[in-house]
Amino acid sequence: MGSDCLFCRIVAGEIPATVVRETPTTLAFRDISPQAPVHVLVIPKEHYADVATLAQGDPALAGEVLATATAVAEDEGLLGDGFRLMFNTGAYAGQEVFHVHAHLLGGAPLGPMLARNLA
């Protein structure tokens with residue numbers, strides 16, 4: 001991807017991030033605006049716009065993202081009480097950075113999936 005992708009620039013080391021886990025294919029780092037006591041973003045190093053294109057383009061890499069998220073959840077002590085792993089895909093879902101990323105949230109009760117009824 002071009003130099004305008006925030007997460008590609010983080011992977012390249014051009015923008016600092018608080019990295020909590022790195023593998024040859026994935027990177028996990030703390031969100032700069034955490035929405036829970038633990039809020040880590042897990043990304044593939046290779047650029048895919050969203051989880052749908054990742055799943056279609058490289059299912060094995062999608063699995064590596066999930067494995068990294070699980071390892072981070074374990075490192076953060078979240079396996080016992082639970083955690084939420086969330087992918088926002090597209091504008092309606094609130095995706096702001098169009099490089100696929102999983103939000104790993106935990107460390108406290110998270111409440112309902114949606115703040116309001118959309119029906």
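Predicted model: local features only at pLDDT ≥ 70, side-chain atom pairs only at ≥ 80, totals over all residues.
Entry 1: I began with the UniProt record, an unreviewed entry, which puts an "active site" feature at H101. I found H101 in the loop between β4 (83–87) and β5 (102–106). Is H101 buried or exposed? Its relative accessible area is 7%, so I put H101 down as buried, the cut-off being under 20%. Next I listed what H101 touches beyond four places in sequence: F7, L41, V42, I43, M86, F87 and Q95. I also noted that the H101 side chain comes to 2.7 Å from the backbone oxygen of H99.

**Entry 2: G82.** I then looked at G82, in the loop between α3 (59–75) and β4. G82 is partly exposed at 33% relative accessible area.

**Entry 3: salt bridges.** How many salt bridges does a search of the whole structure find? It turns up four, and I wrote up some of them.

- R9 and E14 pair through their side chains at 3.0 Å, N to O. R9 is partly exposed, at 32%.
- R21 and D75 meet at 2.7 Å, N to O. R21 sits in strand β1 (residues 19–22) and D75 in helix α3, so this pair ties together parts 54 residues apart in sequence. Both are partly exposed: R21 at 29%, D75 at 47%.
- K45 bridges to E22, with the closest N and O atoms 2.7 Å apart. I have K45 as partly exposed at 23%, and E22 as exposed at 51%.

Notes: Residues numbered from 1 in each chain as written. Heavy atoms only, no water. UniProt positions renumbered as here; feature names shortened; annotations may be inferred. Helix = DSSP H or I, 4+ residues; strand = E, 2+ residues; numbered from the N terminus. Buried < 20%, exposed > 50% of the residue type's maximum accessible area, 1.4 Å probe, protein only. Contact = heavy atoms within 4.5 Å. Polar contact = N/O pair within 3.5 Å; in protein donor to acceptor, adjacent residues only side chain to side chain.
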